[in-house]
Amino acid sequence: MNSAYIYLQIYKLFDKHTPISVDCGELCGAACCAGDDCGMFLFPGEWEVYRLLSPEGFRIECSDLTYTYNGNKIRTPLLVCDGKCDRFMRPLACRIFPLTPILDKDGNISVITDPRAKSLCPLAKTFYMNEYDEEFVRSIRKAFGLLKKNKQVFAFLQEYTKYIEEFLRFFN
């Protein structure tokens with residue numbers, strides 16, 4: 001699979017679809033981009049985009065989130081930024097923030113408000129799912145419906161869902 005190409009195509013789904021119809025970063029002073037360690041998980045294969053393009057202002061670190069694929073334990077890469085970036089170079093996790101995909105009990109994609117976002121994002125604190133732009137939510141479902149067909153992405157999403165569910169226990 002040509003991961004970089006696939007992710008670059010998926011990114012296009014979010015060029016016009018955002019959580020709300022205005023730049024939500026203007027509402028909160030881009031709180032999601034503030035701080036010394038602003039980082040987002042890279043989904044399996046997504047690191048290829050950053051390896052090939054090498055955009056300025058980003059570095060890749062290893063996170064503590066691991067998953068098993070083909071008998072190998074894989075540490076999820078974390079893309080860390082300096083707080084300012086070219087909007088079109090953002091990783092998928094940034095493009096879909098403050099929402100996130102998880103797997104339901106049948107292995108289907110569900111889209112929820114990321115519980116980790118509730119401590120910093122006004123939208124995550126106050127919006128119900130039906131208040132987000134409908135096309136934005138649909139684009140997330142479409143993107144991850146396609147991505148989960150890849151066995152490695154599916155393995156990641158299984159572990160990621162458990163990870164998010166731990167946060168849900170404290171934030172719901």
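Partly exposed residues are those with a relative accessible area between the buried limit of under 20% and the exposed limit of over 50%. The close-up views below show a predicted model.

**View 1. Salt bridge between Glu159 and Lys162 in helix H7.** The closest N and O atoms of Glu159 and Lys162 are 3.7 Å apart. The two residues are separated by about one helical turn, because they lie three residues apart in helix H7. With a relative accessibility of 28%, Glu159 counts as partly exposed; Lys162, at 49%, is also partly exposed.

**View 2. Salt bridge between Arg169 and Glu166.** The N to O distance between these side chains is 3.1 Å. Both residues belong to helix H7, three residues apart, or about one turn of the helix. Arg169 is exposed, at 57% relative accessible area, whereas Glu166 is partly exposed, at 41%.

**View 3. Leu157 in the largest nonpolar core.** This core comprises 48 residues, and Leu157 is among the members that touch the most others, together with Tyr7, Phe14, Leu92, Ile140 and Phe144. Helix H7 (residues 151-171) gives the most to the core, with seven residues. Beyond its neighbours within four places in sequence, Leu157 is in contact with Pro101, Leu103, Ile109, Phe144 and Lys148.

**View 4. Salt bridge between Arg59 and Glu61.** The closest N and O atoms are 2.8 Å apart. Arg59 is partly exposed, with a relative accessible area of 40%, and Glu61 is likewise partly exposed, at 32%.

**View 5. Asp82 in the loop between strand S3 (72-81) and helix H4 (92-96).** Asp82 is exposed, with a relative accessible area of 54%. Asp82 and Phe58 are 24 residues apart in sequence, with a C-alpha to C-alpha distance of 6.6 Å.

Key:
Residues numbered from 1 in each chain as written. Predicted model: local features only at pLDDT ≥ 70, side-chain atom pairs only at ≥ 80, totals over all residues. Heavy atoms only, no water. Core = buried A, V, L, I, M, F, W, Y, C linked by side-chain atoms within 4.5 Å. Buried < 20%, exposed > 50% of the residue type's maximum accessible area, 1.4 Å probe, protein only. Helix = DSSP H or I, 4+ residues; strand = E, 2+ residues; numbered from the N terminus. Contact = heavy atoms within 4.5 Å. Salt bridge = Lys/Arg side-chain N within 4 Å of Asp/Glu carboxyl O.
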